[in-house]
Amino acid sequence: MQIPQDKEIHKSINSIGLRLGLAAAGITANVILCYFFSNLGLPFFLDSFGTIAISAIIGIPFTGILTAVLSSAICSVFYSASIYLAFFNALLAIFTVWFIRNHSFKQISKSLLFLLAVIFYSTLVNTLAQFLIFGSTQPSLPAQNARSLSTSGGISYLSAFFIINFMMSVLDKGLSFILVISLLNFISTEKINAIQNGIWKQRPLAKQAIRAIKDWSRDVKHSLRTRNTYTLVVTFLILIFVMGWVGGRLYFKTLKASMTQSAKSCVSFASEVIPPEKIDYFIKYGTGHPDYAETSETLRKILQVSQGIQYLYVIKIEENGCRFVFDMDSKDPYVPGQLVPFDKEFEPYFPALLAGEEIEPVESNNLFGWLLTIYHPVRDSSGKCVCYVGADISIDYLHSYIAKFLSHILVIMAGFFILIIAYAIWNTGVYTSYPISSIAACVDNFARTSENIEKLDENVRTIRSLDIRTGDEVEKLYKAICRMTLNQAEQMRDIIRLSESTMKMQDGLIITMADMVENRDSDTGAHVQKTAAYVKIIVEGLKKKGYYAQKITPKFMSDVVRSAPLHDVGKINIPDGVLNKPGKLTDEEFAIMKTHTTAGKHILENAISTVQGENYLKEARNMAAYHHERWDGKGYPEGLHGEVIPLSARIMAVADVFDALASPRVYKPAFPIEKALAILQEGAGTQFDPKCVEVFMEALPEVKMILKKYSPAV
């Protein structure tokens with residue numbers, strides 16, 4: 001993978017202080033605008049101007065999110081709801097960065113779509129956030145207008161609130177957008193590009209280069225950036241869960257204890273205002289007793305001033321249950337004298353209640369909800385318990401209160417959470433992920449082009465141009481790799497020169513061995529040269545058409561063409577009488593002639609084991625041993641068939657037979673080329689690999705040129 005080089009020189013401003021200063025300026029602008037417009041009593045604050053502007057100028061989510069979150073935190077000092085919008089303003093910063101990376105504010109249609117999306121998003125967020133946090137009773141101007149619109153228009157309060165917020169967002173985001181466009185027009189494009197390029201700790205990567213790195217790393221299961229982000233997110237979520245769980249339980253326990261103490265104070269105070277000597281009369285006459293209404297009103301006032309108590313009542317304990325004296329339930333109270341059985345949760349405490357003793361708070365879950373009940377005895381002058389004052393605390397209410405409290409905390413923490421994540425992603429990207437990916441991609445490309453010295457030099461220049469300056473171990477690794485690749489390129493240059501020299505020597509040996517055989521054969525003039533040329537035509541044709549793509553590599557093609565002259569090396573063992581006999585061979589003589597295939601195989605195997613050149617001479621051995629095998633399995637020496645026959649031998653079979661047909665021999669004259677080609681086509685699929693014949697027939701102009709070169713009479 002080659003990282004694209006940028007033709008123009010990137011100018012960058014690498015000052016961290018400048019970017020932090022710009023973020024501080026954005027925060028200041030947001031806070032001043034919010035303070036000014038909130039003091040004027042206007043329903044819009046322009047407090048997202050700085051966030052959008054900084055996101056567009058610097059071009060990374062982190063600084064935009066930093067501006068958004070800190071602006072919301074500071075504005076919450078004089079506008080409490082602002083802190084709840086930190087997370088949503090952070091998402092606005094991310095959206096702005098995404099927009100400028102893919103589009104431009106100079107594109108009017110795209111800019112209008114951006115503004116419309118921001119207005120709708122802001123409207124939705126403000127409506128839901130304010131409605132869920134403050135409800136429909138909030139005193140703000142938008143809420144008042146929403147209530148008026150809801151009443152006059154006959155629509156729901158939430159719909160009316162959305163409409164009012166939409167109109168406010170059009171003013172707010174519209175004015176903010178105009179200010180942003182004006183600011184961006186004031187700052188030159190070159191200055192903005194320099195600021196954005198300054199975030200890199202290496203040569204700035206253009207979009208094409210970043211895309212190339214991402215494509216190169218698609219097979220990476222987990223990138224450094226992704227792994228670090230996941231680790232941070234999981235850690236943060238676990239921390240939030242643990243803190244929420246522990247904090248919630250502690251807060252619930254504390255709140256429950258506080259409410260219990262409040263309820264105890266309430267029932268204790270209520271027991272002081274109840275006349276014990278009149279309890280039986282209150283049960284008998286109820287509201288008909290002259291003092292009942294006064295006592296009931298006093299108990300009602302006590303309930304009203306007691307925080308967190310849902311029910312307050314007075315009961316008399318009897319064998320069959322509790323008989324109500326007073327019940328302050330405003331919806332469906334028990335009437336005086338009504339007997340109600342005890343819930344099963346109270347059964348263990350029933351003997352103590354009958355004896356007039358004090359009991360611990362009792363939890364119950366019944367038709368009235370999940371309650372915590374506190375009883376306090378009312379005693380007469382002799383100390384006898386005549387009744388109990390009971391107070392019920394709603395545990396469901398406590399749970400909902402704590403859930404609401406924790407949800408507020410989570411919304412507030414979400415803004416800071418996304419800020420931390422953005423910083424981690426940015427820090428990992430510019431200090432680790434992109435530098436290492438750039439280095440790895442270049443080194444991978446360097447390794448893939450190790451046989452091409454020009455490309456090696458180009459890759460060395462590419463690696464050195466990365467200019468990584470992270471100031472840590474990554475930079476040290478980069479400098480070490482620069483030195484290593486430079487040295488490696490020089491070593492490879494020497495190796496290639498030596499290899500070329502060795503290859504020329506090997507080719508000379510092959511030709512020498514082939515000439516030794518050819519000089520013994522009186523009628524095979526230029527046979528090795530012609531067959532080598534035909535082999536080259538066939539293998540290049542197969543490559544061009546995509547046949548046997550996995551097998552035909554550049555190395556295979558080179559080995560086959562260079563080794564082709566050795567296909568008849570085994571004939572060196574054939575007696576001259578058989579090799580140069582002018583007439584037809586007898587069966588015994590033909591059997592001797594066929595041994596040249598196995599003899600050639602043994603000769604080349606000995607050469608392979610001696611010079612350790614298996615990779616180079618492997619195809620020479622295959623061609624020598626199997627170039628007389630047939631596609632239908634009727635050939636020799638082993639009767640191989642189809643693709644079981646080595647590909648190099650199948651290629652050589654076509655080249656060898658064609659040259660034998662088209663060239664004169666001691667036992668026959670040369671066939672006309674048309675007849676030789678017809679015999680080849682007839683043998684396709686029986687004697688020869690049909691694909692080899694196909695590409696050979698398609699290259700007839702080249703074949704005729706070779707035949708003419710070595711056989712001028714043709």
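Visitor: How many cavities of 30 Å³ or more does the count come to?
Guide: This is a predicted model, in which local features need pLDDT of at least 70 and side-chain atom pairs pLDDT 80 or more, while totals for chains, interfaces and linings use all residues. Residues are numbered from 1 along each chain as its sequence is written, and side-chain values use heavy atoms, without hydrogens and water. A cavity is a set of points, on a 1 Å grid over the protein atoms alone, where a 1.4 Å probe fits but cannot get out. By this rule, the number of cavities of 30 Å³ or more is three.

Visitor: How much space lies in the second largest cavity?
Guide: Its lining, meaning residues with an atom within 4 Å of a point, includes Trp631, Ile645 and Phe688. The charged residues Glu629, Arg630, Arg650 and Asp689 also line this cavity. A volume is the space filled by probe spheres set on the grid points, which are joined across faces, edges and corners. For the second largest cavity, that space is about 40 Å³.

Visitor: Which element gives the most residues to the lining of the largest pocket?
Guide: A pocket is an open set of points with protein on both sides within 12 Å along at least five of seven lines. The largest pocket holds about 1,700 Å³ of space, and of its 48 lining residues the closest to its centre are Gly59, Ile100, Arg101, Gln196 and Lys207. Elements are DSSP runs numbered from the N terminus, either helices (H or I, at least four residues) or strands (E, at least two). With eight residues, the element that gives the most to this lining is α14.

Visitor: Which residue meets Lys256 in a salt bridge?
Guide: The structure holds 15 salt bridges (a side-chain nitrogen of Lys or Arg within 4 Å of a carboxyl oxygen of Asp or Glu). In this one, Lys256 of helix α10 is linked to a residue of strand β4, 107 residues apart. At 2.6 Å, N to O, the partner is Glu363.

Visitor: Where is Asp467, a residue with positive phi, found?
Guide: Asp467 has a phi of about 50° although it is not a glycine. Its place is the loop between α15 and α16.
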